[in-house]
Amino acid sequence: MALERLLKGFADFRLGYYHDHLDLFEKLATEGQSPKILIVGCADARVDPGILTQTKPGDIFTVRNIGAMVPPALDPPDSQQHGTSAAIEFAVRGLQVEHIVILGHALCGGIAALVDGDKSAFADYDYLSTWTAIAQDVRDLAVDKLKGRPKDDILRAVEQAAVVNSVQNLMSFPWIAERVKAGTLVLHAWWFNLTKGQLYAFNPAALAFEPVLGISLAPTVGKATPLSAIAPSRFIDAIAGRPPSF
Ligand SMILES: [Zn+2]
């Protein structure tokens, strides 16, 4: 894409969308942002959370990284730079969001690199494998338990298990766990299959990602969800025991 397309896009935005939503932008400028939803998505250019959910400016607070991953909380926090944790902290403690959505997706390059490990073309990158190692245990377990399955099945399984792993990691932040327990914050594990244009949500009771049909409410991880239900190892065991469903 030539960079001119971005400038043409901005010109169109300014004359079109911005002009049509002047009241909204004025409200956001004067009153500030108050999104109720945080989405942790992948940096992948094909899975823009705002486009997928057709939201307006101000609706969702978004952090995107490689693989839509959430690292575990540090106790105590160290003095390194933690971009994703900082964004989550601001959304939860500052903006008081009521929902956090982890949005993984099919054909994720970050997950593929994690699965390929030393054989990955990106194995000698400076930061990539350190980051995706957030889901290293999940990857190792899935590769072991799904041995003999087609590579695509393993990739899809690790993509989904990494989302569950990130939800589990969210619960390691004390200010998230206490809000979930109080019922003021609900967690959602979603996975988007861009090949089919289908969204799936993790159902802790079924240990499965189920298609989200229409606008019926998708399963969530809330105060009634036992922590054992979001253990990635249990999810991987469940996947290993049934045919693939994605
Ligand atoms: Zn991705």
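Two strands count as paired if DSSP finds at least two bridges between them. Helices and strands here are DSSP runs, numbered from the N terminus: helices are H or I with at least four residues, strands are E with at least two.

Now, the ground rules. This is a predicted model, where local features need pLDDT of at least 70, side-chain atom pairs count only at pLDDT 80 or more, and totals for chains, interfaces and linings use all residues. Residues are numbered from 1 along each chain as its sequence is written.

Let's start with a hairpin. Strands β4 and β5 form one, with 4 residues between them. In the turn sits G197, with a positive phi of about 65°.

Move along to the next hairpin. β5 and β6 also have 4 residues between them, and L207 in that turn has a positive phi of about 50°. β5 spans residues 198–203 and pairs with β6 in the antiparallel sense over 4 bridges. F202 is bridged to F209 in β6. A201 stands opposite E210, also in β6.

Step back to the sheet. What is the order of its 6 strands? The order is β2-β1-β3-β4-β5-β6, in an open sheet with mixed pairing. β2 (60–65) and β6 (208–211) are at the edges; each has a single partner strand, so one side of each lacks a neighbour in the sheet. On average, neighbouring strands are turned by 25° against each other, direction ignored. For angles like this, axes are lines fitted to C-alpha atoms, for helices over the stretch in contact, and angles run from 0 to 180 degrees between N-to-C directions.

On to the helices. Two packed helices are described by the angle between their axes and the distance between the axes.

Take α7 and α8. α7 is residues 136–145, α8 is residues 151–170, and their axes come within 9 Å and cross at roughly 145°. Which residues of α7 and α8 make the contact? From α7: V138, R139, A142 and V143. From α8: I154, A157, V158, A161, A162 and N165. Contact means that the C-beta atoms, placed from the backbone, lie within 7 Å. By class, that gives 8 nonpolar, 1 polar and 1 charged residues.

α8 has another partner, α5, residues 109–116. Their axes are 10 Å apart, at an angle of about 110°. That makes α5 roughly perpendicular to α8. The scale is this: under 35 degrees is roughly parallel, over 145 roughly antiparallel, 65 to 115 roughly perpendicular, and the rest oblique. α5 brings I111, A112, L114 and V115 to the contact. α8 brings I154, L155, V158, E159 and A162.

Next, exposure. A residue is buried if 20 or more other C-beta atoms lie within 10 Å of its own, exposed if 12 or fewer, and partly exposed in between, with C-beta atoms placed from the backbone. Helix α2, residues 22–31, has 10 residues and 0 of them buried, so it lies largely in the open. After α2 comes G32, with a positive phi near 85°.

Last stop: T184. Where is T184 found? T184 is in the loop between α9 (174–182) and β4. T184 has 13 C-beta neighbours inside 10 Å, so it counts as partly exposed. T184 and E98 are 86 residues apart along the chain, yet their C-alpha atoms are separated by 6.0 Å. Leaving aside neighbours within four places in sequence, T184 is in contact with E98 and R179.

Methods: Two residues are in contact if their C-beta atoms, placed from the backbone, lie within 7 Å. Ala, Val, Leu, Ile, Met, Phe, Trp, Tyr, Cys and Pro count as nonpolar, Asp, Glu, Lys and Arg as charged, and the others, Gly among them, as polar.
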